[in-house]
Amino acid sequence: MLTFALGRGIETSDAPAVREIVRRGRAADYRFAALIEAIVLGDGGDRHTQCVKTLLEAGANPNLPDAAQRSPLALAKARGYDEIQRSA
């Protein structure tokens, strides 16, 4: 769902838009993919960190591994995103 929104001009750093996407996507459980995207496509700055926090508050699991067995937390650590790691 976040990918769809990004294709329509929504930024991963746009916290109000991310909150709305999370609210609408909760039933379909897009939180995990959105969390991965916010980390991988983000820069680890304040706005992306806030979006990650929003996704975590909505129930995204930072320890759930992807198909390559990398968790969002591991991805944040590999990129040196200290504040995102602390948020998880």
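Which pattern does the protein follow when it is read along the sequence? The pattern is α-α-α-α-α-α, and the count that goes with it is 6 helices and 0 strands.

**Confidence in the model**

- The average pLDDT of the protein is 79, and 76% of the residues reach a score of at least 70.
- Confidence is lowest in helix 1, which covers residues 2-7 and has a mean of 48, whereas it is highest in helix 5, with a mean of 94.
- Where pLDDT is low, the predicted coordinates should not be read in detail.

**The protein as a whole**

- The protein has 88 residues, and 40% of them count as buried.

**The largest nonpolar core**

- The largest nonpolar core has 18 residues, and the members that touch the most others are Leu 35, Ile 39, Val 52, Leu 55 and Ile 84.
- At least two residues of this core come from each of helix 2 (15-25), helix 3 (31-40), helix 4 and helix 5.
- Helix 3 gives the largest share of this core, with 5 residues.

**Helix 4**

- Helix 4 is made of 12 residues and spans 16 Å from its first C-alpha to its last, which is close to the 16 Å expected at 1.5 Å a residue.
- The buried residues of this helix are His 48, Thr 49, Cys 51, Val 52, Thr 54, Leu 55 and Leu 56, and two of these, Val 52 and Leu 55, are also among the core residues that touch the most other members.
- Arg 47 also lies in helix 4, but it counts as exposed because its relative accessibility is 58%, which is over the 50% cut-off.
- Although Arg 47 and Asp 14 are 33 residues apart in sequence, their C-alpha atoms are 7.1 Å apart in space.
- Just after helix 4, Gly 59 takes a positive phi of about 110 degrees.

**The loop between helix 4 and helix 5**

- Asp 66 is found in the loop between helix 4 and helix 5, and it counts as buried because its relative accessible area is 16%, which is under the 20% cut-off.
- A polar atom of the side chain of Asp 66 lies 2.9 Å from the backbone nitrogen of Ala 68.
- Gln 69 belongs to the loop between helix 4 and helix 5 as well, and with a relative accessibility of 61% it counts as exposed.
- Gln 69 has a positive phi of about 65 degrees although it is not a glycine. Most residues other than glycine have a negative phi.
- Ser 71 is another residue of the loop between helix 4 (46-57) and helix 5 (72-78), and its relative accessibility of 13% is the reason why it counts as buried.
- Once its neighbours within four places in sequence are left aside, Ser 71 is in contact with Pro 62, Asn 63, Leu 64 and Pro 65.

Key: Residues are numbered from 1 along each chain as its sequence is written. This is a predicted model: local features need pLDDT of at least 70, side-chain atom pairs count only at pLDDT 80 or more; totals for chains, interfaces and linings use all residues. Side-chain values use heavy atoms; hydrogens and water are left out. Helices (H or I, at least four residues) and strands (E, at least two) are DSSP runs, numbered from the N terminus. Buried means under 20% relative accessible area, exposed over 50%, partly exposed in between (1.4 Å probe, protein chains only). Contact means heavy atoms within 4.5 Å. pLDDT is the predictor's confidence in each residue, from 0 to 100. A polar contact is a pair of N or O atoms within 3.5 Å; within protein, one must be able to donate a hydrogen and the other to accept it, and residues adjacent in sequence count only if both atoms are side-chain atoms. The expected span of a helix is 1.5 Å times one less than its number of residues. A nonpolar core is a set of buried Ala, Val, Leu, Ile, Met, Phe, Trp, Tyr and Cys residues joined through side-chain atoms within 4.5 Å.
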